[in-house]
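Here are my notes on this model, point by point.

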Amino acid sequence: MQGLYQLADGAAPAGGGILSSLPMIALILLVFWLLIWRPNQKRRQQETQMQSALVPGVEVMTKAGIYGTVVEIQENDVILEISPGTRIRMLKPGIGEILTPQTDDTPVEDRPDFGDDDPKPNN
């Protein structure tokens, strides 16, 4: 019988058990939060801001790759005109991005092509 007690004493794990693995679990949770949860949260916030910025007349691209112009905005959905006379209704989260033309904020006088329409004298 004494041999059984010796085996039981020898089989006991050395260390603190759960307390020794707690820092490793905390590290895994931190990495999960930094790599997965936080970027998804930021992306959802940007999509919500983009959806609230929709106004009629804005050109958009849907997540399915369809280009269209916003005609009407309702509470949860948007009416898009994808070709003259063809309109579709879709949910706001289906809008992938707003296509805005690039505007040049440089004053006309500072643009490199300003004044190039004058004929150059030949010497």
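Leaving aside neighbours within four places in sequence, which residues is Glu97 in contact with?

1. **Glu97, and what kind of model this is.** Glu97 is in contact with Met50, Val60 and Met61 once neighbours within four places in sequence are left aside; contact here means heavy atoms within 4.5 Å. Before going on, some housekeeping: this is a predicted model, where local features need pLDDT of at least 70 and side-chain atom pairs count only at pLDDT 80 or more, while totals for chains, interfaces and linings use all residues. Residues are numbered from 1 along each chain as its sequence is written, and side-chain values use heavy atoms, with hydrogens and water left out.

2. **Where Glu97 sits.** You will find Glu97 in strand β5. At 38% relative accessibility it counts as partly exposed (buried is under 20% relative accessible area, exposed over 50%, partly exposed in between, with a 1.4 Å probe and protein chains only). Glu97 and Gly65 lie 32 residues apart in sequence, and their C-alpha atoms are 9.9 Å apart in space.

3. **The overall layout.** The protein chain has two helices and five strands, in the order α-α-β-β-β-β-β from the N terminus on. These are DSSP runs numbered from the N terminus: helices are H or I with at least four residues, strands are E with at least two. Of the chain's 123 residues, 14% count as buried. Take the contacts between residues at least 6 apart in sequence: 32% of them join residues at least 24 apart.

4. **Val60, between two strands.** Val60 lies in strand β1 and is buried, with a relative accessible area of 0%. On one hand, β1 and β2 pair in the antiparallel sense over three bridges, with Val60 opposite Gly68 in β2. On the other, β1 and strand β5 (residues 95-99) pair in the antiparallel sense over four bridges, and there the bridge partner of Val60 is Ile98. (Two strands pair if DSSP finds at least two bridges between them.) Leaving aside neighbours within four places, the contacts of Val60 include Leu54, Tyr67, Leu80 and Leu99. Val60 and Gly96 are 36 residues apart in sequence, yet 7.4 Å apart in space, C-alpha to C-alpha.

5. Met50 touches Ile95, Gly96, Glu97 and Ile98, not counting residues up to four places away in sequence.

6. **Two hairpins to check.** β1 and β2 form a hairpin with four residues between them, and Gly65 in the turn has a positive phi of about 95 degrees. β3 and β4 pair in the antiparallel sense over six bridges, with Ile79 opposite Arg89 in β4. The hairpin of β3 and β4 has two residues between the strands, and Gly85 takes a positive phi near 85 degrees.

7. **Salt bridges.** The structure holds two, counted when a side-chain nitrogen of Lys or Arg is within 4 Å of a carboxyl oxygen of Asp or Glu. Side chains of opposite charge can pair when their charged atoms come close. Arg89 is exposed at 63% relative accessible area, whereas Asp77 is buried at 10%. In the other, Glu47 and Lys63 meet at 3.5 Å, N to O. Glu47 is in helix α2 (residues 18-52) and Lys63 in the loop between β1 (59-62) and β2 (67-73), 16 residues apart. Glu47 is partly exposed at 26%; Lys63 is exposed at 52%.

8. **The surface.** The protein chain exposes about 10,300 Å², and carbon and sulfur atoms supply 58% of it (areas come from the Shrake-Rupley method with a 1.4 Å probe; for residues, only the protein chains shown count as cover). Ile28 lies in helix α2 and is exposed, with a relative accessible area of 53%.
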